[in-house]
Amino acid sequence: SNFMSSTALRCKFVTPGYENSNSTAVEVNALFVSRTTVICVAPASTGDFASSSRQVRVEVSNNGQDFSSDGLLFEYVMSPVVFDIEPDSGPIRGGTTVSLIGDYFEFTGGGMLLCKFADVVVPARFVS
């Protein structure tokens with residue numbers, strides 16, 4: 001809280017071990033919404049963690065120099081990969097239950113799981 005509308009408003013994504021010079025920190029501009037809310041766009045995950053899930057600390061600064069030290073975490077996750085679809089066809093009227101077989105389907109219960117067929121988004125269910 002106590003965010004200020006400023007051109008120096010920044011977010012910093014800090015990888016584990018940063019205090020010991022074993023990792024890195026990436027700063028990005030932040031968008032002021034209110035005294036209690038800012039929006040930051042996460043930079044791409046890089047280095048040894050570019051191909052795996054990992055958590056980073058996110059800190060905020062009103063002046064681009066003095067950052068918070070709350071230690072709130074953001075988790076990078078792997079993008080889902082689909083290997084197969086069963087069945088691979090169905091009637092035009094719809095209604096076919098479709099299974100996607102792949103990897104990195106991570107569902108933590110934090111949001112709704114969805115599938116998209118052309119421009120139509122439908123609810124999905126995580127099986128295993």
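**Aromatic contacts: close-up views**

**View 1. Phe13 is buried, with a relative accessibility of 6%.** Buried denotes under 20% relative accessible area, exposed over 50% and partly exposed the range in between (1.4 Å probe, protein chains only). The model is predicted, so local features need pLDDT of at least 70 and side-chain atom pairs count only at pLDDT 80 or more, while totals for chains, interfaces and linings use all residues. Residues are numbered from 1 along each chain as its sequence is written, and side-chain values use heavy atoms, leaving out hydrogens and water.

**View 2. Two aromatic pairs occur in the structure.** Because their ring centres lie 6.1 Å apart and their planes meet at 85°, Phe13 and Phe74 form an edge-to-face pair. This pair joins distant parts of the chain, with Phe13 in strand S1 (residues 10-14) and Phe74 in strand S5 (residues 72-76), 61 residues apart. Rings of Phe, Tyr and Trp (its six-membered ring) pair if their centres lie within 6.5 Å, and planes under 30 degrees apart are stacked, over 60 edge-to-face and the rest tilted. Strands are DSSP runs of E with at least two residues, numbered from the N terminus.

**View 3. Phe74 is partly exposed, at 32% relative accessible area.** Phe74 and Tyr76 are edge-to-face, because their ring centres are 5.1 Å apart and their planes stand at 90°. Tyr76 is buried, at 11% relative accessible area. Phe13, Phe74 and Tyr76 belong to one aromatic cluster.

**View 4. The charged end of Lys12 sits over the ring of Phe67.** The distance to the ring centre is 4.3 Å. The criterion requires NZ of Lys or CZ of Arg within 6 Å of the ring centre and within 35 degrees of the ring normal.

Terms used: Helices (H or I, at least four residues) and strands (E, at least two) are DSSP runs, numbered from the N terminus.
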